[in-house]
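Here is a short note for a colleague who is meeting this structure for the first time. Please keep the sequence and the model open while reading.

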Amino acid sequence: MEAFRFEKLNAYQYARKLVKDVYEVLKYFPDEEKFGLTSQIRRAVVSVPSNIAEGCGRMSNNEQRHFFEISYGSLMEVYCQLTLAVDLGYITESQITEVRELMTVCAKVISGLRNSVN
């Protein structure tokens with residue numbers, strides 16, 4: 001049951017799934033990263049759907065676009081941080097294959113959403 005406009009957007013729905021998938025991957029991180037990279041990734045990935053929702057609540061196109069751009073930036077931040085986690089040996093490349101594919105889809109639909117308010 002959808003109450004708000006943003007809930008119908010593919011970008012929001014994919015971003016929600018991304019949050020869940022990334023949280024699953026974070027279970028493999030070492031305990032000593034709980035307040036470091038793990039925490040930063042959690043904040044960034046939650047920012048993706050949150051900024052889509054906030055953008056939909058804004059009245060002007062410029063404000064909407066701004067929040068969609070923040071959402072996209074947060075998505076790129078998560079991508080970078082997961083890559084760093086692979087480099088650091090916290091997770092393997094194969095553990096994030098599906099997440100990366102979903103991130104590619106998210107990037108495309110968020111870009112489309114951003115461009116739709118021009």
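The points below go from the overall fold to single residues.

1. **Basis.** This is a predicted model, in which local features need pLDDT of at least 70 and side-chain atom pairs count only at pLDDT 80 or more, while totals for chains, interfaces and linings use all residues. Residues are numbered from 1 along each chain as its sequence is written, and side-chain values use heavy atoms, with hydrogens and water left out.

2. **Fold.** The protein has 4 helices and 0 strands. Read from the N terminus, the order is α-α-α-α. Helices (H or I, at least four residues) and strands (E, at least two) are DSSP runs, numbered from the N terminus.

3. **Dimensions.** Along the principal axes, the C-alpha atoms fill a box of roughly 45 × 30 × 25 Å.

4. Among contacts (heavy atoms within 4.5 Å) with a separation of 6 or more, 69% join residues 24 or more positions apart. Of the 118 residues, 45% count as buried. Buried means under 20% relative accessible area, with a 1.4 Å probe and protein chains only.

5. **Core.** The largest nonpolar core has 35 residues, and L18, V22, F29, I52 and L82 touch the most other members. Elements giving two or more residues to this core are α1 (10-26), α2 (37-56), α3 (61-87) and α4 (97-116). Such a core is a set of buried Ala, Val, Leu, Ile, Met, Phe, Trp, Tyr and Cys residues joined through side-chain atoms within 4.5 Å.

6. **L82 and I96.** Beyond its neighbours within four places in sequence, L82 contacts V22, V25, F29, I41, I91, I96, V99 and M103. I96 sits in the loop between α3 and α4. Why does I96 count as buried? Because its relative accessibility is 0%. Leaving out residues up to four places away, I96 touches V25, L82, V86 and I91. The C-alpha atoms of I96 and V22 are 8.4 Å apart, although 74 residues separate the two along the chain.

7. **F6.** This residue, F6, lies in the segment before α1. F6 counts as buried because its relative accessibility is 16%. Apart from residues up to four places away in sequence, F6 touches Y12, I52, A53 and C56.

Technical notes: Buried means under 20% relative accessible area, exposed over 50%, partly exposed in between (1.4 Å probe, protein chains only).
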